[in-house]
Amino acid sequence: MSETTATAVAADLTPARLAPYIQHTRIDPDATRDVMVAHAREAVTHGFNAAMVPASWITVVAAELRGTGVEVASALDFPTVGVMTSAGKAAEAAEIARLGATQLDIGVQVGWLKSGRYDDFRDDIAGVVRAFGGPVKVMLELPLLTDAEKDAAVDLAMEAGVAFLKNASSGQIETANPASVRYLVERARDGVRVKASGAIKTYPQAVELLRAGASLLGTSAGLAIITDTGDASTVSY
């Protein structure tokens, strides 16, 4: 399924029309095969952009999504970012692609950036981009960075060849907000787009992020958003 651009977001966008912007996420460690199959089928039924799943379930989910137009997305160096070696990340990225994922979200080496290891920070990302061969999205963990570090992280990630910039890995780091999205959109270049992630729970919140310039939304509350039933008590990562 082709991703809808932010410029197509209309003032009268209804909840159900948000589905093509949403990467339907399920990463619970206790999720069973039946749960993951149901998750994939939900993505098809509602027309979500992708089913975002752990690498260990890619083959199952890819089989369910084959021929549907719904993308298979996964993540690495996540949920705790910056803990894998560069060689390990590249090897896992290649395996994730082989298993059938078509999009990949990755953690970055925040500590390296803060230590001034800019070349290593960039090369770590570039190794994954080369190994995966498809769209890579970087989780920049913006709240952990100074303004200068944010600018450096964005520029280095784009030099590495990423397709998307992300504000954060999850709601534990940042609740996705228009200010972070606008910052990334303003700095993005060369066709690089923005994915918002982190505790996206409600339809109004989702629309606000899209209007700020996000092209994709990562959330486990996709069903609540497209039915406009989400509220502050809704669980979303």
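Predicted model: local features only at pLDDT ≥ 70, side-chain atom pairs only at ≥ 80, totals over all residues.

E3, helix H3 (residues 86-99) and E4 form a β-α-β unit, and I noted its hand as right-handed.

Next I checked how E3 and E4 sit together. Strand E3 (residues 71-76) pairs with E4 in the parallel sense, and I counted 4 bridges between them. For a landmark on that side I picked Leu76, which stands opposite Ile106 in E4.

Then I turned to strand E5 (residues 136-139). E5 and E4 run parallel too, joined by 4 bridges. My landmark here is Gly107, which has Met139 of E5 opposite.

Is E4 mostly covered or open? I looked up its residues, 103-107, and found 5 of the 5 buried. I also sorted them by direction: Gln103, Asp105 and Gly107 point one way, while Leu104 and Ile106 point the other. Both sets are buried, Asp105 included.

**The largest pocket**

How much space lies in the largest pocket? I wrote down about 200 Å³.

Which residues lie nearest its centre? They are Phe78, Pro79, Ser169, Ser170 and Gln172, out of a lining of 13 residues.

Note on methods:
Residues numbered from 1 in each chain as written. Heavy atoms only, no water. Buried < 20%, exposed > 50% of the residue type's maximum accessible area, 1.4 Å probe, protein only. Helix = DSSP H or I, 4+ residues; strand = E, 2+ residues; numbered from the N terminus. Pairing = 2+ DSSP bridges. Right-handed = clockwise from strand over helix to strand, strands pointing away. 1 Å grid on protein atoms, 1.4 Å probe; cavity = no way out; pocket = protein on both sides within 12 Å on 5 of 7 lines; lining within 4 Å. Points joined across faces, edges and corners; volume = space filled by probe spheres on them.
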